[in-house]
Amino acid sequence: QVQLVESGGGLVQAGGSLSLSCAASGSIFRTNTMGWYRQAPGKQRELVATITTVGGTNYADSVKGRFTISRDNAKNTVYLQMNSLKPEDTGVYFCNSWAVPYGSDYLRQYWGQGTQVTVSS
């Protein structure tokens, strides 16, 4: 009943910018930390950035200073603003949210379907 819907993936030039959005919907009692992960071919999925309900953020060293994560709690939406993009940022980006669904007493982790981000040189 909980779904994460992503948008904003695409093709950009190195040095350019791209913004991703992800909205959580369904039978959500509350959301907790939300974040973005990515996976390149032949590599494990890695954390990109996370954000708490009160705006505390954490970034992978590889994107620190270039990416900004934000959220709108009223909309259950998380955003990722990506600047100064590099070819090594290419990959499938997955939205993630910890959430408590209705009828549950504990947090569960939910994932979006993934959206392709390609950075060309």
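Buried means under 20% relative accessible area, exposed over 50%, and partly exposed in between, with a 1.4 Å probe and protein chains only. The model is predicted, so to speak of local features a pLDDT of at least 70 is needed, side-chain atom pairs count only at pLDDT 80 or more, and totals for chains, interfaces and linings use all residues. Residues are numbered from 1 along each chain as its sequence is written, and side-chain values use heavy atoms, leaving out hydrogens and water.

**Exercise 1.** Find out whether Ser97 is buried or exposed, and which residues it is in contact with.

*Solution.* Start with the place: Ser97 sits in strand β9, residues 91-101 (strands are DSSP runs of E, at least two residues, and helices are runs of H or I, at least four, numbered from the N terminus). Next, take the relative accessibility: Ser97 has 1%, so it counts as buried. Last, look for contacts (heavy atoms within 4.5 Å): beyond its neighbours within four places in sequence, Ser97 touches Leu4, Thr31, Thr33, Met34, Arg108, Gln109 and Tyr110.

**Exercise 2.** State how many helices and strands the protein has.

*Solution.* Counting gives zero helices and 11 strands. Read from the N terminus, the order is β-β-β-β-β-β-β-β-β-β-β.

**Exercise 3.** Work out what share of the residues is buried, and what share of the contacts with a separation of 6 or more joins residues 24 or more positions apart.

*Solution.* Begin with burial: 41% of the 121 residues count as buried. Then turn to the contacts with a separation of 6 or more: 55% of them are between residues 24 or more positions apart.
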